[in-house]
Amino acid sequence: MSLEWFDRVSGELQDHLKSICEKYDRNGSMIVERGSKHPRIEFYTELEDDERDYFSSLFFDPYNEEFYMESFDPDLGQISKVILSDIEDIIDAVHESFHNYLEEDEDDDDNDDLYDPDGENSDIYEIDVDWETPEVTAYIQDNEVEVTYQFGIVQETGDGVLKRINRIRTADDDLIKDETNFIFSKEEASTIIAMIASHMDSLSEME
């Protein structure tokens, strides 16, 4: 298992990210996380009060020595994985992710942050998730709003998946369903739990 390819791409992406963000007059940065089972690079922009708005995650499989991105398809109910075979594909994918992020920021549209540059060098397939729990209701109000969570484990990587489903029934009796998924490693889980636990008293209840 070698991280030489990961380190090389990380170095090149730093320069390309700077040029991409300057093109759109935005401040973009990246964080390299080498400690997890599948090292990754997180891309974000700086907001006010030193907050960060993440727009893309690039993962590296050290055993197969390949980079990939992940996204959840609510229509299929599956996590998709796009393999990026070379540095050009990786740069194009990050570029497209940033472009989609800006469009979402401006138009509030739902755009897919995965990009297949030429349809030839990238391979898209589904990721199998073992759902360890059923949907657990976290919040419900008058049969109009319901928020549920479900926890699963990605079979291939062993990472955790937290699925959040928000269901809203409108005045016309239409059901709106919004589904998001958060993927994290074992190392991240303990940090997330500790951060939430230490700030529970500062949270407000849903109204």
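This is a predicted model: local features need pLDDT of at least 70, side-chain atom pairs count only at pLDDT 80 or more; totals for chains, interfaces and linings use all residues.
**The overall layout**

- Starting at the N terminus, the order of elements is α-β-β-β-β-β-α-β-β-β-β-β-β-α.
- The protein has 207 residues, and buried ones make up 36% of them.
- Take the contacts with a separation of 6 or more: 43% of them come from residues 24 or more positions apart.

**The nonpolar cores**

- A bit of background first: in soluble globular proteins, nonpolar side chains tend to be buried together.
- In this model, the largest nonpolar core has 23 residues.
- Leu13, Ile41, Phe43, Leu58, Phe67, Leu84 and Ile90 are the members with the most contacts inside that core.
- Two or more core residues come from each of helix 1, strand 2, strand 3 (52-61), strand 4 (66-73), strand 5 (78-84) and helix 2 (87-107).
- Helix 2 gives the largest share of this core, with eight residues.
- There's another core apart from this one, made of six residues, and Ile79, Ile127, Val129 and Ile183 are among them.

**Salt bridges**

- The model has four salt bridges, going by nitrogen and oxygen atoms within 4 Å.
- Let's start with Glu12 and Arg8, whose closest N and O atoms are 3.3 Å apart.
- Both of these residues sit in helix 1 (residues 4-23), and because they are four residues apart there, about one helical turn separates them.
- Glu12 is partly exposed at 29% relative accessibility, and Arg8 is also partly exposed, at 48%.
- Next up is the salt bridge between Glu188 and Arg40, with 2.4 Å between the closest N and O atoms.
- Glu188 belongs to helix 3 (residues 186-198) and Arg40 to strand 2 (residues 40-46), so this pair ties together parts that are 148 residues apart in sequence.
- Arg40 is buried, with a relative accessible area of 7%, while Glu188 is partly exposed at 21%.
- Glu42 joins in here too: Arg40, Glu42 and Glu188 are linked in a network of salt bridges.
- Then there's Arg167 with Glu135, where the closest N and O atoms are 3.2 Å apart.
- Arg167 is in strand 10 (residues 160-169) and Glu135 is in the loop between strand 7 (129-131) and strand 8 (136-141), so the pair ties together parts 32 residues apart in sequence.
- Arg167 has a relative accessible area of 18% and is buried, whereas Glu135 is partly exposed at 36% relative accessibility.

**The second largest pocket**

- Rolling a probe the size of a water molecule over the atoms shows where empty space is left.
- The second largest pocket in this model has a volume of about 290 Å³.
- Its lining is made up of Leu162, Phe182, Phe184, Ala189, Ile192, Ile193, Met195 and Ile196.
- Sorted by class, that lining has eight nonpolar residues, no polar ones and no charged ones.
- Strand 11 (175-184) and helix 3 each supply at least two of the lining residues.
- Helix 3 provides the largest share of the lining, five residues.

**Two residues to look up**

- Most residues other than glycine have a negative phi.
- Glu65 is a residue other than glycine with a positive phi, near 50°.
- You'll find Glu65 in the loop between strand 3 and strand 4, where Glu65 is partly exposed at 45% relative accessibility.
- Asn166 is found in strand 10.
- Is Asn166 buried or exposed? Asn166 counts as buried, since its relative accessibility is 16% and the cut-off for buried is under 20%.
- Setting aside residues up to four places away in sequence, Asn166 touches Val145, Glu146, Val147, Ile176, Lys177 and Asp178.

Methods. Residues are numbered from 1 along each chain as its sequence is written. Side-chain values use heavy atoms; hydrogens and water are left out. A salt bridge is a side-chain nitrogen of Lys or Arg within 4 Å of a carboxyl oxygen of Asp or Glu. Buried means under 20% relative accessible area, exposed over 50%, partly exposed in between (1.4 Å probe, protein chains only). A nonpolar core is a set of buried Ala, Val, Leu, Ile, Met, Phe, Trp, Tyr and Cys residues joined through side-chain atoms within 4.5 Å. On a 1 Å grid over the protein atoms alone, a cavity is a set of points where a 1.4 Å probe fits but cannot get out, and a pocket is an open set with protein on both sides within 12 Å along at least five of seven lines; lining residues have an atom within 4 Å of a point. Grid points are joined across faces, edges and corners, and a volume is the space filled by probe spheres set on the points. Ala, Val, Leu, Ile, Met, Phe, Trp, Tyr, Cys and Pro count as nonpolar, Asp, Glu, Lys and Arg as charged, and the others, Gly among them, as polar. Contact means heavy atoms within 4.5 Å.
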